[in-house]
Amino acid sequence: MKITKQEVLHVANLARLDVDKVLIDKFAGQIGTILEYVDILKSVETQGVTPTSHAIFLTNAFREDDEKQSLDGDLALSNAPEKEDGNFIVPKVINS
Amino acid sequence: MKLYELTIKKAHMLLKKKEISSRELTRAVLDRIDAVEKHVGAYITLDSEMALAQAKIADKEISQGNILPLTGIPMAIKDLMCTKGLRTTCASRILENFVPPYDATVVKKLKTQGAVIVGKSNMDEFAMGSSNEHSALKLTRNPWDLTRIPGGSSGGSAAAVAADMCIGSLGSDTGGSIRQPASHCGVVGMKPTYGRVSRFGLVAFASSLDQIGPLTKDVTDCAMVMNVISGYDSADSTSVPEDVPDYTSFLENDLKGMVVGIPKEYSAGKGLDPDVSDAVKNAVEKIQGMGAGCVEISLPHTEHAVAAYYVIAPSEASSNLARYDGVKYGYRDKTKENLMEMYKSTRSRGFGPEVQRRIILGTYSLSAGYYDAYYGKASQVRTLIIEDFKKAFEICDVILSPVAPTPAFKIGEMVDDPLTMYLSDIFTLSANLAGIPGISVPCGFSSKGLPIGLQIMAKHFDEGKLIKIAYNFEQATNFHKKKPNL
């Protein structure tokens, strides 16, 4: 097995996912198969090859730091699941 | 001819001559949707009232002599481009009720033209898939055979064009998501050069690979839509400040001096269906017969491209999709009282299995101890794939290949076998890794009557050559004129 159930659980936790218990075995198997396939990359000689993260020749895009129109506050909050006085509401972070 | 069967070009001519109104055209398309949507299932959201209101405005403009190429033309938009005030779901539970407060740049451009937005078309959830089966909200069927998939992820956009449920549409392509459904549905689909079309307001899947493009009934329409959506946008820092030619100027009958390249690795591809192989071979001969030269080329890292892609795309996705946390917009599990539990429950209930699978795969590839072996290695192989194309384009203008190894497969056939589904992207995803443009144009039918597409790829910003070759091929064939029986 290329990836164990425990590793899937660990990575799922890093990604803030609470994977359904019935799915864990299936995921471990499927992701394992994909990772085994991906191993063909190991056969490619890449010593000294510069990695690419962006396929078009373009360096940083700068512009003048001008004031521009942006979304109105109410509109920006219009899809918030919970809001109050122009703020997003989230469950308690620190337990008292 | 029924009004809904019109191409953009023909509809534009009739609108201009005032032989039809946009309201008549839009009504005809809406009636067509009423008649066939129950079979095809192309749309997630329809807004006929809004469409007719837009058509009325278009008619007023036209009556005053103000007509642009897309004025009054009913269009479908893949449901991952933000439409102000119109629900944009990404075919996901997590965005099921999301109503964007702004328009994507491409949507703004269509609206500025006076185009009519009929609705939002179905897709694989967050554009992750090649069949539309990963949509959490809807099942789309192939108009040519309702037991088969329309392709994906822009399956709804392709099916809507093929079934005349819109006059043209927009899709997005991260690994073949415009070209493959175009091929499976018998329509024209173009993925432009990375940076050619603004991604502002496009919900991100893999930011270094995503690109918006048109799905249309023919190559002329493709050029017309490209003229509208292309160009630099200061709101997208990866859009390229490069002049946009008039793409309709490439619609001319002359292939002399053009050289087409045939990758030897592609013809030897495992699992290539004989009908697809024959159709593509015939297309290459036809294009040669029209005066183009032909050379064999080599893309030695073709097989590694699939592996590199399925590391890079999920890695970028895992990072992009971190924003869905139930705080700012989208679904939230309101039963959880602690923040961490809320995040996890929201995301697990909001994302479907394929999205969760890719987030886990991507997070794993980027995590400490595995980064070098997976993401780092794949990014180096990406460089080698780009080098392969550079070398190939030293001796040819465009590359010809199949779009997909088989015609559209049956619904349910591959849904539990992600790797096999991923491998079916072998001919298309290299273009995304290299950022080059590609087009799918109808080039035949299988023995079962399913459409087959020819892929043409070119250098960065050489969309004109794609349009030229595709147009010449289209003029010499009738595949694009055949319609599915619905």
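**First stop: chain B as a whole**

Select chain B and colour it by burial: of its 486 residues, 63% are buried. Keep in mind as you go that this is a predicted model.

Now switch to a cartoon view of chain B, where you'll find 16 helices and eleven strands. The radius of gyration of chain B is 21 Å, close to the 23 Å that the globule rule gives for 486 residues, so chain B is as compact as a globular protein of that length. Along the principal axes, its C-alpha atoms fill a box of roughly 65 × 55 × 45 Å.

**Next: zoom in on Ile439(B)**

Pick residues 438-445 of chain B, which form strand S10, and find Ile439(B) there.

Beyond its neighbours within four places in sequence, show what Ile439(B) is in contact with: Val188(B), Gly189(B), Met190(B), Ile456(B), Leu466(B) and Ala470(B). Then select Val187(B), which sits 252 residues from Ile439(B) in sequence but 10 Å away in space, C-alpha to C-alpha.

**Last stop: where the chains meet**

Bring chain A back into view: 45 of its residues are in contact with 59 residues of chain B. On the chain A side, helices H1 (5-14), H2 (21-38) and H3 (73-76) each supply at least two residues. Highlight H2(A), as the largest share comes from there, with eight residues. Colour that side of chain A by residue type and you'll get 31 nonpolar, nine polar and five charged.

Methods
Residues are numbered from 1 along each chain as its sequence is written. Chains are lettered from A and ligands numbered from 1 in the order in which they are written. This is a predicted model: local features need pLDDT of at least 70, side-chain atom pairs count only at pLDDT 80 or more; totals for chains, interfaces and linings use all residues. Helices (H or I, at least four residues) and strands (E, at least two) are DSSP runs, numbered from the N terminus. Two residues are in contact if their C-beta atoms, placed from the backbone, lie within 7 Å. Ala, Val, Leu, Ile, Met, Phe, Trp, Tyr, Cys and Pro count as nonpolar, Asp, Glu, Lys and Arg as charged, and the others, Gly among them, as polar. The radius of gyration is taken over C-alpha atoms; the globule rule is 2.2 Å times the number of residues to the power 0.38. A residue is buried if 20 or more other C-beta atoms lie within 10 Å of its own, exposed if 12 or fewer, and partly exposed in between; C-beta atoms are placed from the backbone.
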